[in-house]
Amino acid sequence: MESILDKIQLPGSHPAAGIIHYTLHLADNALVIAHRNSEWCGHGPILEQDIALANIALDLVGQARNFYQYAAALIAENNLSSITITEDDFAYLRAADEFKNFLLTEQSNGHWGTTILRQFLFSTYQYFLYRQLQHCSNEHLAAIAQKALKEVTYHVRWSSEWVIRLGDGTAESHQKMQDALNELWPFTDELLTGGLASAANISLDDTLIKTEWTEKITSVIADATLHLPTSRQYVYGGTEGKHTPHLTAMLKDMQYLQRTYPGVEW
Amino acid sequence: MNEWPLWEVFIRSKQGLDHKHVGSLHAADAQMAIENARDVYTRRMEGVSIWVVESKHIHASSPDEAGSLFDPANDKAYRHPTFYDLPDEVKYM
Amino acid sequence: MQQAEPEIIFDDKIEQEIKIEPKDWMPEKYRQTLIRQISQHAHSEIVGMLPEGNWITRAPSLRRKAILLAKVQDEAGHGLYLYSAAETLGIGREEMYDQLHTGKAKYSSIFNYPTLTWADIGAIGWLVDGAAIMNQVPLCRASYGPYARAMVRICKEESFHQRQGFEILLTLGKGSKEQRDMAQDAINRWWWPSIMMFGPPDDSSPHTIQNTKWKIKRFTNDELRQRFVDICAEQVKVLGLELPDNDLKWNEERGHYDFGEINWDEFWEVVKGNGPCNKERLETRQKAWDNGAWVREAASAFAEKRNGL
Ligand SMILES: [Fe+2]
Ligand SMILES: [Fe+2]
């Protein structure tokens, strides 16, 4: 399968390599989970919540676009490609193993509770990340993070309330949420291991993110009368392009038109 | 099955204006009603503040009483500034 | 025959273009007509999310993805505003859903056609939303206040829907041969169902006269249809594409476009539930509703538990 990365000359040693990879990582996270949420449109449990989740998806598509556009600008600035690279090239013309999103974001929707919980685990991470990123040395990333932080603040509020509601709702909803938590928990540690930021010379306090995230998650899960899994069996690999089959399936759908009719305007 | 209650939504479209009734929605509790109102009724920057009240708590005057309630105000023209004839020289009043 | 007093007041309000509000006295038939029409309209909005929703995950650019998601989400909002308006007449949303799911209530037949290609998203925006807007703008002056106000909000939001669809077709029209064919094919499939959206011809439209008298309806089906044909016949030229009607011709004398015979048999078949996707659409709605039951119940239980303290 053709990849846009074949048209970009970006050796790992290039000074801009780190920041480009990190920006793509931030973009991929936002896009992949936005896409997942958008799959719910028209199928939510009640109109009001259908609309709510679509709003979150729209915020996240917006964030992804901002990051992709910045990555494209970096490619142009550094003369890394003989053709003009666009936001869509990154989204539509890379293979699954070229995506750098966390595995959590690509997990399939499951039931409404799984989706809510996935959003809560991710948004909470994104919140503490953006809080630091808005002050980082790269002014472009800082600006995007600063704007997105307001959105994410609401995502955390909305999703945490729903986690509590469903956790402490009925016996059935409680069980469903506990199952979802057990199912998603192995993907959480990947969020907290950082990695790509330092190669981009973005200094973040990973330990602080981990502490803050753990605190928030612990308190919400407790309020939801759920139990944090004790298992330390974690799965990693998303940031290196080692994905679960969910992503391949998702991209097949998402990239279908661009792949079938290459090189045209839409 | 018990349907989520209905809530009336009032939105202040910008600072300095009154909250205005914009419609209704369903929500299980007040917190959710505010968030639903935000997601449903302010997607195009229509608001800066939201009130929600459960519809059952709204007490309305009856249309049958409209005559006795509102018509009597009809003949009190002296409450309105245009009722008074002042010479043109009087300014700023 | 002497009318009861409230009826005289009601007629008088209608006559003087004074809106009827929820608590006002109204003839039972007026209430029932409104419930039927508003709920049908609401159902159309939410069933209408499905054919387009099919393409959100396959939208070919991030810009298109955001636009389409926002558009389909708007339709959910429209459904919600309309259900709310109907609820002021004394019917609950769940009851209306029940009528939809059991096939007792109808929704616009147009949504029983499949969306086969990306160009369908363009054709739906241009033609289906276009026809809907044509129908809806006069409803902003409908005699029932909550309905009219919901329509004002809806019409405001609709304005980008048709434009985004037209823009999709415009881009495809300027694109590769495959893209142009795709666009033309979509127009061919959506044109006739779209002009059927105005409903049966005036001489066989059972509700038109009473609804016009009550000022729920302002123009007849045929009047609106003609206006729509006139506009589209011009707009399609900008696209460099064609409407699939050999009889489409400007009639100088009438000052309107003449157009071909509509296949009303097809229309009634789809209304009766024999369209290509009737079953699928209803099953999808029913499934979403059923799958969400535990969520709705949990939120109710939680509210009772925590707020009851
Ligand atoms: Fe609509
Ligand atoms: Fe629309």
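Predicted model: local features only at pLDDT ≥ 70, side-chain atom pairs only at ≥ 80, totals over all residues.

Residues are numbered from 1 along each chain as its sequence is written, chains are lettered from A and ligands numbered from 1 in the order in which they are written, and side-chain values use heavy atoms, with hydrogens and water left out.

Let us begin with chain A. Here 48 residues of chain C are in contact with 48 residues of chain A, contact meaning heavy atoms within 4.5 Å. The two chains bury about 4100 Å² between them, 68% of it on carbon and sulfur atoms; buried area is the accessible area (1.4 Å probe) that two parts lose on being put together, summed over both. Within chain C, the greatest losses of area to chain A fall on Leu62(C), Gln73(C) and Trp294(C), together 19% of what that side buries.

As for charged pairs, the interface of chain C and chain A has four salt bridges, each a side-chain nitrogen of Lys or Arg within 4 Å of a carboxyl oxygen of Asp or Glu. One of them joins Arg306(C) to Asp223(A), with the closest N and O atoms 3.1 Å apart. Which helix gives the most to the side of chain C that touches chain A? That is H4(C), with 14 residues; helices here are DSSP runs (H or I, at least four residues), numbered from the N terminus. By class, this side divides into 27 nonpolar, 10 polar and 11 charged residues, where Ala, Val, Leu, Ile, Met, Phe, Trp, Tyr, Cys and Pro count as nonpolar, Asp, Glu, Lys and Arg as charged, and the others, Gly among them, as polar.

I turn now to chain B. In this interface, 22 residues of chain C are in contact with 20 residues of chain B. About 1800 Å² is buried between chain C and chain B, 50% of it on carbon and sulfur atoms. Lys23(C), Glu94(C) and Arg153(C) supply 26% of the area that chain C buries against chain B, more than any other three residues.

Chain C and chain B also have four salt bridges between them. Arg44(B) and Asp74(C) form a salt bridge through their side chains, at 2.5 Å from N to O.

Definitions and conventions
Helix = DSSP H or I, 4+ residues; strand = E, 2+ residues; numbered from the N terminus.
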